[in-house]
Amino acid sequence: MSGLTYEAVARFAQQGGTLYFAAIFIAGLIYALWPRHKEAFKRLAHLPLEKDESDHV
């Protein structure tokens with residue numbers, strides 16, 4: 001009989017998915033907090049507050 005049971009595969013998938021999610025989250029966090037991107041994020045954060053010349057109300 002094979003050593004791969006449903007429980008073993010499910011446990012591997014859960015742990016692998018958790019590690020994958022953690023790696024993607026940490027990569028995104030590093031990207032967002034990298035000093036080189038500070039000015040771009042600051043500009044993008046204020047973008048909704050700027051007056052748009054093409055307002056059609």
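Is His37 buried or exposed? At 13% relative accessibility, His37 counts as buried, because the cut-off for that class is under 20% relative accessible area. The model in which this residue is described is a predicted one.

## Overall form

The protein chain has two helices and zero strands. The radius of gyration of the chain is 22 Å, well over the 10 Å that the globule rule gives for 57 residues, so the chain is more spread out than a compact globule. Taken along the principal axes, the C-alpha atoms fill a box of roughly 70 × 35 × 10 Å.

Of the 57 residues of the protein chain, 2% count as buried. The chain exposes about 5800 Å², and carbon and sulfur atoms supply 68% of that area.

Helix H1 comprises residues 6-33, and helix H2 comprises residues 38-46. His37 is located in the loop between H1 and H2. A polar atom of the His37 side chain lies 3.0 Å from the backbone oxygen of Tyr31. His37 is thus described both by this contact and by its buried state.

## Aromatic pairs

A pair of aromatic rings is described by the distance of the centres and the angle of the planes. The structure holds two aromatic pairs. Phe21 and Phe25 form a stacked pair, with 6.3 Å from centre to centre and 25° between the planes; the angle counts as stacked because it falls under 30 degrees. Both residues lie in helix H1, four residues apart, about one turn of the helix. Phe21 counts as exposed, with a relative accessibility of 58%, whereas Phe25 is partly exposed, with a relative accessible area of 48%.

The rings of Tyr31 and Phe41 have their centres 6.1 Å apart and their planes at 85°, so this pair is edge-to-face. The pair links distant parts of the chain, with Tyr31 in helix H1 and Phe41 in helix H2, 10 residues apart. Tyr31 counts as partly exposed at 48% relative accessibility, and Phe41 counts as partly exposed at 35%. Tyr31 therefore takes part in the edge-to-face ring pair through its side chain, and its backbone oxygen lies 3.0 Å from a polar atom of the His37 side chain.

## Nonpolar surface patch

Which residues make the nonpolar surface patch of about 780 Å²? The patch is made by Phe21, Phe25, Ile26, Leu29, Ile30, Leu33 and Trp34. Among them are Phe21 and Phe25, the two partners of the stacked pair. Ile26, another member of the patch, has its place in helix H1. The relative accessible area of Ile26 is 48%, so this residue is partly exposed; the class lies between the limits of 20% and 50%.

## Further positions along the helices

Val9 lies in helix H1 and is partly exposed, with a relative accessible area of 42%. From C-alpha to C-alpha, Val9 and Tyr20 are 16 Å apart in space, with a separation of 11 residues in sequence.

Arg43 has its place in helix H2. With a relative accessible area of 51%, Arg43 is exposed, because the cut-off for this class is over 50%. Arg43 and Thr18 are 25 residues apart in sequence, and their C-alpha atoms are 33 Å apart in space.

Methods
Residues numbered from 1 in each chain as written. Predicted model: local features only at pLDDT ≥ 70, side-chain atom pairs only at ≥ 80, totals over all residues. Heavy atoms only, no water. Patch = residues over 30% accessible without salt bridge, like charges linked within 9 Å, V, L, I, M, F, W, Y side chains within 5 Å. Areas by Shrake-Rupley, 256 points an atom, 1.4 Å probe, with all protein chains shown as cover. Salt bridge = Lys/Arg side-chain N within 4 Å of Asp/Glu carboxyl O. Buried < 20%, exposed > 50% of the residue type's maximum accessible area, 1.4 Å probe, protein only. Phe/Tyr/Trp six-rings, centres within 6.5 Å; stacked < 30°, edge-to-face > 60°. Polar contact = N/O pair within 3.5 Å; in protein donor to acceptor, adjacent residues only side chain to side chain. Rg over C-alpha atoms; globule rule 2.2 N^0.38 Å.
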